[in-house]
Amino acid sequence: MAGRTTAVAAVTALTLLTTWAGAHGATAATTTATAATAAAATAAGECRVLAPGASAVAQKAVAAACEQIGVWYTWGGGHGPQPGPTYGQVDPSDPDSAHDPERLGFDCSGLVRYAYHRAAGGDPLTGNAYHQFHSPQVQQRFTAAQGTAPLLPGDLLAWGSGGSVHHIAIYLGAGKMVEARESGTRITVSDVRLGGDYAGAVRIAPAAQAPGTFSTWGTDVWTHEEPSTTSPRVHKFPGPTTVRIDCQKHAEPVTAEGYTNDAWSYLPEYGAWITNIYIKGPAWLDGVRTCP
């Protein structure tokens with residue numbers, strides 16, 4: 001109710017400014033009126049680009065996410081073979097997710113995936129919130145201490161600690177974001193939450209298959225600390241994910257999915273190794289250097 005009252009007050013102020021302009025100059029009144037309109041939109045929780053400077057792709061991503069306002073949050077939603085809403089799953093740790101299998105919608109990373117798919121074409125931000133925050137499509141990073149000052153609409157804000165990321169949202173500008181927050185809620189505009197375990201933000205610059213960029217395949221594929229299946233596991237790719245490969249080397253032979261290969265690739269964003277069996281391409285990847 002408070003947001004509606006503020007918005008009405010802003011519109012009233014805009015009417016007074018327009019009347020004043022007749023006597024004191026249309027140019028100054030128009031500038032002030034534009035600011036008043038933006039303030040009213042922000043107060044009312046309108047979902048759109050709320051600050052200048054974002055790239056065309058970022059603006060399209062914001063628009064695509066905003067089209068989903070009111071759609072259900074559903075755990076695991078948006079991670080089907082193609083970007084878009086899907087029925088969710090029950091999260092064993094969250095009783096509120098009991099009805100998610102009946103709800104067509106997105107979880108936080110499913111919404112981000114869909115928004116950038118609509119904006120950039122292809123499927124540049126696959127995987128969960130952690131994978132998106134560490135994607136090779138990241139152009140620039142911002143620490144939690146920097147707050148929202150350097151951010152532009154379309155930037156991705158993340159929450160997590162100890163190297164983990166459990167939530168991600170899309171910045172709109174003016175301290176607002178659009179997010180799929182949790183089970184039992186719908187996609188909405190929220191105030192940016194800088195406290196708690198806010199981890200920082202990233203700016204996305206999708207590019208068409210940049211050098212060293214490949215896609216994994218398969219489901220529930222683990223990376224390892226060393227190029228060996230007996231070394232500790234690091235991260236799991238639940239489905240096909242775009243990754244950047246720094247180098248490759250011959251190491252432990254692996255047999256999986258009907259293939260045998262001794263080539264392993266190093267993923268710098270994850271600080272981990274993956275067998276080339278799960279990288280789309282030849283057994284020894286073209287154009288990738290040999291690790292020292």
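**Close-up views of a predicted model**

**View 1. Strand β6 is largely enclosed by the rest of the structure, since seven of its seven residues are buried.** In this predicted model, strand β6 covers residues 167-173, and strand β5 (residues 156-159) pairs with β6 in the antiparallel sense over four bridges. Within this pairing, Leu156 stands opposite Ile170 of β6.

**View 2. Strands β6 and β7 form a hairpin with two residues between the strands.** The two strands run antiparallel and are joined by three bridges, and Tyr171 has Met177 in β7 as its bridge partner. In this hairpin, Ala174 takes a positive phi near 55°.

**View 3. Glu179 lies in strand β7, which spans residues 176-179.** Because buried means under 20% relative accessible area, Glu179, at 0% relative accessibility, counts as buried. The side chain of Glu179 makes a polar contact of 2.7 Å with the side chain of His167. When neighbours within four places in sequence are left aside, the residues in contact with Glu179 include Leu111, Ala169, Arg186, Ile187 and Arg193.

**View 4. Three strands make an open sheet in the order β1-β3-β2, with mixed pairing.** Strands β1 (72-73) and β2 (86-87) stand at the edges and have a single partner strand each, so one side of each is left without a neighbour in the sheet. Strand β3 (residues 104-106) pairs with β1 in the parallel sense over two bridges, and the bridge partner of Trp72 in β3 is Gly105. In general, strands of a sheet pair through backbone hydrogen bonds, either parallel or antiparallel.

Definitions and conventions. Residues numbered from 1 in each chain as written. Predicted model: local features only at pLDDT ≥ 70, side-chain atom pairs only at ≥ 80, totals over all residues. Heavy atoms only, no water. Pairing = 2+ DSSP bridges. Buried < 20%, exposed > 50% of the residue type's maximum accessible area, 1.4 Å probe, protein only. Polar contact = N/O pair within 3.5 Å; in protein donor to acceptor, adjacent residues only side chain to side chain. Contact = heavy atoms within 4.5 Å.
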